[in-house]
Amino acid sequence: RSVPQLQSLSTADLSSILQDVQRRYDAFRQRALALDLTRGKPASEQLDLSSALLGLPGEDDFLAADKTDTRNYGVLQGLPELRALLAPLFGTVPVQMVIGDNSSLALMHDAIAYSLLKGTVGSERPWVREPRVAFLCPVPGYDRHFSICQDFGIEMIPVPLNADGPDMDVVERLVGEDAAIKGMWCVPKYSNPSGAVYSDAVVERLAAMTTAAPDFRIFWDNAYAVHHLTDERIEIPSLIDACARHGHPHRAFVFGSTSKVTLAGAGVALFASSAENVKWFLGRMGKRSIGGDKVNQLRHVRALRDTAGLLALMDRHRAIVAPKFAAVADAFAAHLGGTGVASWLVPKGGYFISLDVLDGCARDFVKAAKDAGVELTPAGATHPLGQDPHDRTVRIAPTFPDLATVKVAAEGVALSALLVTTSALLAGRGVTT
Ligand code: PMP
């Protein structure tokens, strides 16, 4: 059943819709379910796709292509054959890439810590010696990026994220006038949580813009570079190349990992940038470690074989994940389509959908969903300091539960959103429910 544009209805018609929604919501709640759509974890069926890793490289297989013994210390930058496999997917070349820990978040954290303590290429002084350090945060965004800034006392300046990337008029103005802005978070493809994909024009403007800070860095977290949900494998331009072309060769810090390609927490992570930045990063990293886990790197090479092998694996992930996203999109379209009280992008990749409800309704919506047995990420988590000034955006993570569960949960989510927004519309007209 479809609901009409709610704002335009008479109060009597709206009240009768609310009664109907309340009845359906109550029926759902009475099922007393306990469903969880909070975190973007791969389902165990996806992890099974990489079971072979658990037996690799095998007792007799420990030599890298150049005969390096992976069981021993060394090769700080990571195995060249794994860098060669990953580089084309992240818009770089193997020599401009470092394979680091098991987690890209750890590398982002380190890049910030190094910049704060030591400064980075082109810094006048370590960032901690600056009177203020600020990062631009396109919103909605990833809560763990914001937590790093919060933890280090970095000021966060929200900028609107549209379907094709951040509002560049705002970004250009801010970075042009405020030298305290040293960085900016970007999830350029299938963004967490809205699914936005940066357009070529946005990438170009990010690379070209003039910044007041000489050592401004774009933290390009391409976490979902290969996580397509449709036949269209969307490609975005290389930020590293674009920055070099515009005379800002050191602006791009690129991050990625195989957390959602192979095993989350037991994958490999990467940093890519200009040759000089890579040297800078390795200089710091070499104090922290004698070398990464090359045995893990080697087993990744054995399991994935080559770039095409990795993309073929991602097709198998897609077969598992895409129906779950379709279930959510279908439930939203069925219950919320055309109502004018909620909006969302149907993502073409990544791990999340975000639902924007009427201003002031997100917290109540999350609470209503919880009461109905569906746990959602807390409202506000998509914004710095957990504060969504419009109380509007809610992140939905449909990958972890099985498909049947996602279908039911999506129904509960859509009913909760409809209930809360309809009540809010009536309250706005002085009708308390
Ligand atoms: N960046 C983004 C945008 C993410 O969504 C996630 C996982 N939720 C990560 C980074 C974490 O990646 P890793 O496991 O490589 O630390």
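A crossing counts as left-handed if the near helix is turned anticlockwise from the far one by less than a right angle, and as right-handed if clockwise. I wrote that down before looking at any helix pair.

**Entry 1: the model.** I am working with a predicted model, in which local features need pLDDT of at least 70, side-chain atom pairs count only at pLDDT 80 or more, and totals for chains, interfaces and linings use all residues. Residues are numbered from 1 along each chain as its sequence is written. Helices (H or I, at least four residues) and strands (E, at least two) are DSSP runs, numbered from the N terminus.

**Entry 2: H12 and H13.** I looked up helix H12 (residues 362–371) against H13 and found an angle of about 135 degrees, with the axes 8 Å apart. Axes here are lines fitted to C-alpha atoms, for helices over the stretch in contact, and angles run from 0 to 180 degrees between N-to-C directions. The angle makes H12 oblique to H13; under 35 degrees would count as roughly parallel, over 145 as roughly antiparallel, 65 to 115 as roughly perpendicular, and the rest is oblique. H12 and H13 cross in the right-handed sense. On the H12 side I noted Asp364, Phe365, Ala368 and Ala369, and on the H13 side Gly412, Val413, Ser416, Ala417, Leu419 and Val420. Contact means that the C-beta atoms of two residues, placed from the backbone, lie within 7 Å. By class, the contact of H12 with H13 holds 7 nonpolar, 2 polar and 1 charged residues. For the classes, Ala, Val, Leu, Ile, Met, Phe, Trp, Tyr, Cys and Pro are nonpolar, Asp, Glu, Lys and Arg are charged, and the others, Gly among them, are polar.

**Entry 3: H1 and H13.** Next I checked H1 against H13, which pack at an angle of about 150 degrees with axes 9 Å apart. This crossing is left-handed. Residues of H1 in the contact include Leu14, Leu18, Val21, Tyr25 and Phe28, and those of H13 include Leu415, Leu419, Thr422 and Leu426. I count the classes as 11 nonpolar, 7 polar and 2 charged for the contact of H1 with H13.

**Entry 4: the three-stranded sheet.** I found an open sheet of 3 strands, ordered E10-E11-E13, with antiparallel pairing. Strands pair if DSSP finds at least two bridges between them. Strand E10 (342–343) and strand E13 (393–396) are at the edges with a single partner strand each, so one side of each has no neighbour in the sheet. Helix H13 (residues 403–428) packs on this sheet and touches E10, E11 and E13, its direction making about 15 degrees with that of E11. Between E10 and strand E11 (residues 353–357) I found 2 bridges in the antiparallel sense. Serine 343 is opposite aspartate 356 in E11.

**Entry 5: the eight-stranded sheet.** A second open sheet has 8 strands in the order E2-E9-E8-E7-E6-E3-E4-E5, with mixed pairing. Strand E2 (97–99) and strand E5 (165–166) are the edges, each with a single partner strand, so one side of each is left without a neighbour in the sheet. H4 packs on the sheet, where it touches E7, E8 and strand E9 (269–272), and its direction makes about 155 degrees with that of E8. Strand E7 (residues 217–221) and strand E8 (residues 252–257) run parallel and are joined by 4 bridges. The bridge partner of isoleucine 218 in E8 is alanine 252.

**Entry 6: H4 and H5.** I then took helix H4 (residues 104–118) with helix H5 (residues 143–152): the axes come within 11 Å and cross at roughly 30 degrees. H4 and H5 are therefore roughly parallel. The crossing of H4 past H5 is right-handed.

**Entry 7: ligand shell.** I listed the residues around the ligand; among them are Gly40, Ser103, Ser104, Leu105, Tyr142, Asn192 and Asp221. A residue is near if its C-beta atom, placed from the backbone, lies within 6 Å. The shell divides into 5 nonpolar, 6 polar and 1 charged.

**Entry 8: backbone exceptions.** Most residues other than glycine have a negative phi, and most peptide bonds are trans. I found a cis bond between valine 139 and proline 140, with omega about 5 degrees. Proline 140 is in the loop between strand E3 (134–139) and H5. The bond from asparagine 192 to proline 193 is also cis, with omega near 10 degrees. Proline 193 is in the loop between strand E6 (181–186) and helix H7 (200–208). Alanine 32 has a positive phi, near 50 degrees, and lies in the loop between helix H1 (11–29) and strand E1 (35–37).
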